[in-house]
Amino acid sequence: MHCKGNSLYANASMEDRSFMGKDLLGIRHVKKENIEKILMKAGSYKQADLEKKIPSPLLQGKTVVNLFFEPSTRTRMSFEKAAANLGGTVMNFDRLTSSVQKGETLVDTVKTIESLGVEGIILRHSLAGAPQVAGRAVKIPVINGGDGCHEHPTQALLDIFTIHERKGGTAGLKVLFVGDVLHSRVARSNLWGLLKLGAEVTVVGPLTLLPPGLKEMGVKVSTDLDSCLEEAEVIYMLRLQMERQKRGYFPSIGEYKKYFGLTGERVKRISPFAVIMHPGPVVPGIEMDQSVMEDSRCLVQEQVKNGVFVRMAVLELWIAGEVN
Ligand code: CP
């Protein structure tokens, strides 16, 4: 599949959502052809936006709830924008003023939201598996907006969309993930997706931040960033997930940056055709220097922009379609 230009939009027709399942819980169990269909739809939305066309109001009369138990800027707001672009209504859940403070369980919360008559839930939660639990409790679709260290499917979809757009495809593409893979739901979803789409994926980081099982998945593993940089076509820097790190995984931030930070010096050695990505938020001066953020090869803001189109595609497929 090629996501550049018009070829992206061929065959971007309405889908049978039952083919995809009621919930979008992760990329691991989404078939390659379905990933490609989502990317094609996202491409249609991006092209329409470039042509200043107003999308069909597929969510008119429908409401989705952003049920976020963890902080978010990009995911929450881009789902909001995506739903608004499709004519839908979004309700934002506020954990701190909700009855969760009085002991309400996740299952009770999602059942309550369903009883309000909404059409779907976007769920972010610190516990891996929370979207599965929620999805089983309700008949309406649940979209995983990031669960613990498990998956962040719409982030991976927007990343893969951005890679396709810039590199013309993923088959055989050399993609390097750098840093805290152990705690990264973004890395996990991307690995599943990119491997399905034929990319050659390498991860590099301190051994303490690399989970077991990577080699078995078909991922190359390294602890030496400098030896991986030159051949990488996509360099994907991961955020240090300090909020999930339970112990000292490396001696100091300075030490981490010395070996795994994308500094201005290191960027001098990457290919002029390589692209640099990060899911955001970037921790300034740790994962990458400010000068790297400003490099024309850095796609951080393009990723955010594409997130809206990808989430429009997801909302169309999972929320606007016929109920399974
Ligand atoms: N990339 C990402 O998930 O960002 P937010 O936490 O701001 O949603």
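Analyst: A polar contact is a pair of N or O atoms within 3.5 Å; within protein, one atom must be able to donate a hydrogen and the other to accept it, and residues adjacent in sequence count only if both atoms are side-chain atoms. The model is predicted: local features need pLDDT of at least 70 and side-chain atom pairs count only at pLDDT 80 or more, while totals for chains, interfaces and linings use all residues. Residues are numbered from 1 along each chain as its sequence is written, and side-chain values use heavy atoms, with hydrogens and water left out.

User: What makes His-152 and Thr-75 a polar contact?

Analyst: Their side chains are joined at 3.3 Å, and the limit is 3.5 Å. His-152 and Arg-124 also qualify, with a side-chain polar contact of 3.2 Å.

User: Why is His-152 called buried?

Analyst: Buried means under 20% relative accessible area, exposed means over 50%, and partly exposed lies in between (1.4 Å probe, protein chains only). His-152 has 3%, therefore it counts as buried. This residue sits in the loop between S4 and H5.

User: How much area do the two domains bury, and what makes it buried area?

Analyst: Buried area is the accessible area (1.4 Å probe) that two parts lose on being put together, summed over both. For domain 1 and domain 2 this comes to about 2,300 Å², of which 62% is on carbon and sulfur atoms. On the side of domain 1, Leu-39, Cys-149 and His-152 lose the most area to domain 2, together 28% of what that side buries.

User: Why is the pair Lys-46 and Glu-165 called a salt bridge?

Analyst: A salt bridge needs a side-chain nitrogen of Lys or Arg within 4 Å of a carboxyl oxygen of Asp or Glu. The closest N and O atoms of Glu-165 and Lys-46 are 2.9 Å apart, therefore the pair qualifies. Glu-165 is in helix H5 (residues 153-167) and Lys-46 is in helix H1, 119 residues apart; helices (H or I, at least four residues) and strands (E, at least two) are DSSP runs, numbered from the N terminus. Both residues are buried. Lys-46, Glu-165 and Glu-302 are linked in a network of salt bridges. The count between the two domains is two salt bridges, and the structure holds 14.

User: What makes Lys-220 and Glu-200 a salt bridge, and are they buried or partly exposed?

Analyst: Their side chains meet at 3.9 Å, N to O, which falls within the 4 Å limit. Lys-220 has a relative accessible area of 47% and Glu-200 has 33%. Both values lie between 20% and 50%, therefore both residues are partly exposed.

User: Why are Asp-295 and Arg-297 placed in another class of accessibility than Lys-220?

Analyst: Asp-295 has a relative accessible area of 17%, and Arg-297 is also at 17%. These values are under 20%, therefore both count as buried, whereas Lys-220 at 47% is partly exposed. The side chains of Asp-295 and Arg-297 meet in a salt bridge at 2.9 Å, N to O.
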